[in-house]
Amino acid sequence: MSSRWQNGYFWLTLTLVFVSLFLVYKSSTIQSLTIDESNHYFCGLEWWQNGTYTAWPENPPLARAIIAIGPYLDGHRADTFQSSATTSMDFFVDSYNFDYFNQVHLKEKLLWIRISVMVLFLLSILVIWRWSFRLGGHRVSVLAVGMYATLPTILGHSGIGTTDIIFVTCFIVLLWRFFAWVKDPTMVNGVWFGVGLAAGMLAKYSVLPYFFVSMLVVFPLFFLVPLKKEKQLILKWFKQALPSGLLASVIMFFVIWGFYRFSIGAVGSEPIIRIGIAEGTFSSIWQDVVLPFPEWFAGLLVLLNHNKEGHLAYLLGSISETGFWYFYPLSFLVKTPLPFLLFTTAGIFGGLRYWKETSNWELLAFLLIPIGIVATVLPSHINLGLRHVLLVYPILAMGASLGLIKLADHFRTRYQWAGFFPVVFVGWQLTITLIAFPFYLSYFNWFAGEEPGKILVDSDLDWGQGLFELVEFSKENKIDSLNIAVFTASSSCLYDFPSLKMLPPDTRVHGWVAVSEYFYQGAMRPVMFPIDESCSFMVFNFEESGKVHAGYKWLDKYPVTKIGGGAIRMYFIE
C-alpha cells in the first residue's frame with residue numbers, strides 16, 4: 001500500500017475519532033444527572049479520600065475511582081462516608097450523595113465526573129485501532145474504529161459518569177493482552193496479561209463469566225487451528241505458558257490487593273455484610289472468613305445476592321422480578337443501528353469464508369465470544385439495560401471488519417463498486433448518529449417503531465437525562481407551575497425548576513404536565529420526599545403488584561407538546 005493511501009486512512013481514522021469525541025462531549029453537556037452518577041462518584045471518592053471502600057461495594061472500585069478523579073482534583077471532599085443505616089436498602093440510598101453538585105455550577109460539576117469516562121472511551125478506540133490494524137491493516141482498522149466509535153449507545157454511555165464504558169475498555173484491554181499471551185506466552189506477555197486481568201477484576205464483577213466464556217472459545221480454537229492438535233506443539237506451548245501464566249496470576253493478585261491498600265480482614269466485618277448478616281441475608285460464617293482485600297469479596301456477595309433476589313425489570317409491557325431470558329438479545333436488536341446489524345451479518349459471512357481460507361482462529365474467536373457473552377446473561381435476574389453487554393460491540397466491530405474487508409475484496413474482482421461497502425456502512429451509521437444527536441441513551445432503530453417505551457425503558461430510554469431540557473422548556477413557555485412525575489434520583493434544587501407538584505397516577509390535573517416514559521408505561525410509581533424546606537429528593541418505586549398500571553394513560557387524549565431528553569412527555573391540559 002502506498003504512503004499516500006496510508007496517510008489517507010490515518011487522517012480518516014483521526015477524523016472519525018475527533019467527530020465521535022466531539023459528539024460525546026456535546027451530548028454530555030446537554031444530559032442531566034443520570035440515575036447512578038451520584039452513587040458512582042461518591043463511592044469512588046471514598047477510595048481517593050480515605051483509602052477505604054465501604055459506601056456501596058456492589059461494583060469493584062476501579063471504575064468508580066476513575067469517575068471520582070475529577071471531583072477529587074476539583075477539591076471536593078465528603079464530610080463522611082459512614083452510613084448510620086441499619087438496613088441494606090437504607091445503606092444503598094445513603095450512597096446517593098449530592099453534596100458535590102449545585103444548581104449554579106451543575107454542568108461544570110457533571111463535566112468533572114464525566115471527563116475521565118471520555119478519556120477511557122478514547123483509550124478503547126486506540127486499543128481497537130491498534131489490535132485491528134495488526135490483524136488486517138489500515139482498511140480493517142479504520143472500519144472497526146468507524147463502526148464502533150459512531151454507535152449511538154456507545155456515545156451515550158461515554159458521556160456520563162457511570163461504569164459501563166470503563167468496563168468495556170478494561171475488558172478489551174484484557175482480551176487484547178490475553179490473545180497476545182496465548183499466541184506467545186512469554187514472561188513479558190504474562191506481565192501484561194496479569195495487568196489486564198487485574199483491570200478487569202477491579203472494573204466489574206461481570207468479568208468473571210465474560211472472561212470465562214472467552215477462554216472457552218479461545219483455547220479450543222488455538223489448540224485446534226495453529227497447534228493442529230499436535231502433541232509436541234501443545235507440550236511446548238504449555239512449557240512456556242505455565243510459568244508465564246503463574247506470573248500473570250501473581251501480578252493480578254498483587255495489583256488487586258494493592259488497589260485495596262493491601263487490606264486484610266474478615267469479609268463479615270465489612271459494613272454491608274455485617275448488616276446483611278443481621279438481616280439474615282448472608283450467613284454468619286462470613287464473620288470468620290479472613291481474606292486479603294475482603295472488600296472485593298463483600299461486593300461480590302452483594303451482587304450475587306442481588307441476582308438471587310432479582311431486580312424488577314420491564315420489557316414489552318410486562319414486569320418481572322426475575323428478568324426475561326430474551327431481554328438482552330431483544331435489546332441488541334432494537335437499539336443497534338441497522339447498518340451495524342447488516343455490517344455484522346456481512347462480516348460474519350465474509351469471516352467464515354476468510355477463516356476457511358486462512359484458518360485465522362482470532363477472527364472466529366471475535367465472532368463467537370459475543371455469542372458466548374450474551375449466552376451468559378440470558379439467565380440473569382438483573383435486566384437493567386443493554387449497557388451491561390456493551391462490550392460485544394467492539395469485539396463484533398473488529399471481527400466483522402476483518403470479514404467484511406475480505407468479502408469486499410472477493411466481490412471487487414468482479415464488481416468495482418463492492419470496494420465501497422465499508423465506506424457505505426460507516427457513512428450510513430454516522431448519518432444516523434448525527435440525526436440522533438444529542439440524546440444517544442434513548443436511541444432506538446427502526447424496528448422499535450414510534451413508541452420504543454412499549455419495549456424498553458430504564459437506561460435504554462429513560463435514565464433521568466432530560467431534566468436540563470425540561471428546565472429550558474419551562475423557561476421558554478414561561479411555566480410557573482409544573483405537575484411532574486419524572487424518573488430520576490436527584491434533588492429538585494439542582495435544577496432551576498418552576499414550582500413543582502407531584503403527579504401521582506390516576507390524578508387528573510390542568511396546566512403543564514411532565515411524565516417520564518418509565519411512569520407513563522406503568523412500570524413504576526413516582527415518589528418524592530423532602531430533603532429540607534425547599535428541596536425534594538425525586539425517586540421511584542416499582543409496582544408492588546408486579547404488573548404495569550395505566551395511571552397515566554388518561555393523558556392519551558391530549559397531544560404531546562414535546563418529548564424532552566428523548567424520554568419525558570410534556571403536555572398542556574386545558
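Visitor: In which sense do β8 and strand β12 pair, and over how many bridges?
Guide: First, some ground rules. This is a predicted model, where local features need pLDDT of at least 70, side-chain atom pairs count only at pLDDT 80 or more, and totals for chains, interfaces and linings use all residues. Residues are numbered from 1 along each chain as its sequence is written, and side-chain values use heavy atoms, leaving out hydrogens and water. Strands (E, at least two residues) and helices (H or I, at least four) are DSSP runs, numbered from the N terminus. Two strands pair if DSSP finds at least two bridges between them. Here, β8 and β12 (residues 568-573) are antiparallel, with six bridges. For instance, W512 sits opposite F572 in β12.

Visitor: Which way do β5 and β8 run?
Guide: They run parallel, with four bridges joining β5 (residues 481-485) to β8. One spot to look at is A485, whose bridge partner in β8 is V515.

Visitor: Why is β8 called largely enclosed?
Guide: Check burial: buried means under 20% relative accessible area, exposed over 50%, and partly exposed in between (1.4 Å probe, protein chains only). In β8 (residues 511-516), six of the six residues are buried, so the rest of the structure largely encloses the strand.

Visitor: And how many residues of helix α19 are buried?
Guide: Seven of the 10 in α19 (residues 467-476), so this helix is largely enclosed too. Among the buried ones are L467, F468 and F473. After α19 comes K478, with a positive phi near 50°.

Visitor: At what angle do α3 and α5 pack?
Guide: For this we use axes, lines fitted to C-alpha atoms (for helices over the stretch in contact), with angles running from 0 to 180 degrees between N-to-C directions. Helix α3 (residues 61-73) and helix α5 (residues 106-136) pack at about 135°, their axes 7 Å apart. That makes α3 oblique to α5; under 35 degrees would be roughly parallel, over 145 roughly antiparallel, 65 to 115 roughly perpendicular, and the rest is oblique.

Visitor: Which residues make the contact?
Guide: Contact means heavy atoms within 4.5 Å. I66, I67, G70, P71 and L73 of α3 meet W112, I113, S116, V117 and L120 of α5. By class, eight are nonpolar, two polar and none charged. (Ala, Val, Leu, Ile, Met, Phe, Trp, Tyr, Cys and Pro count as nonpolar, Asp, Glu, Lys and Arg as charged, and the others, Gly among them, as polar.)
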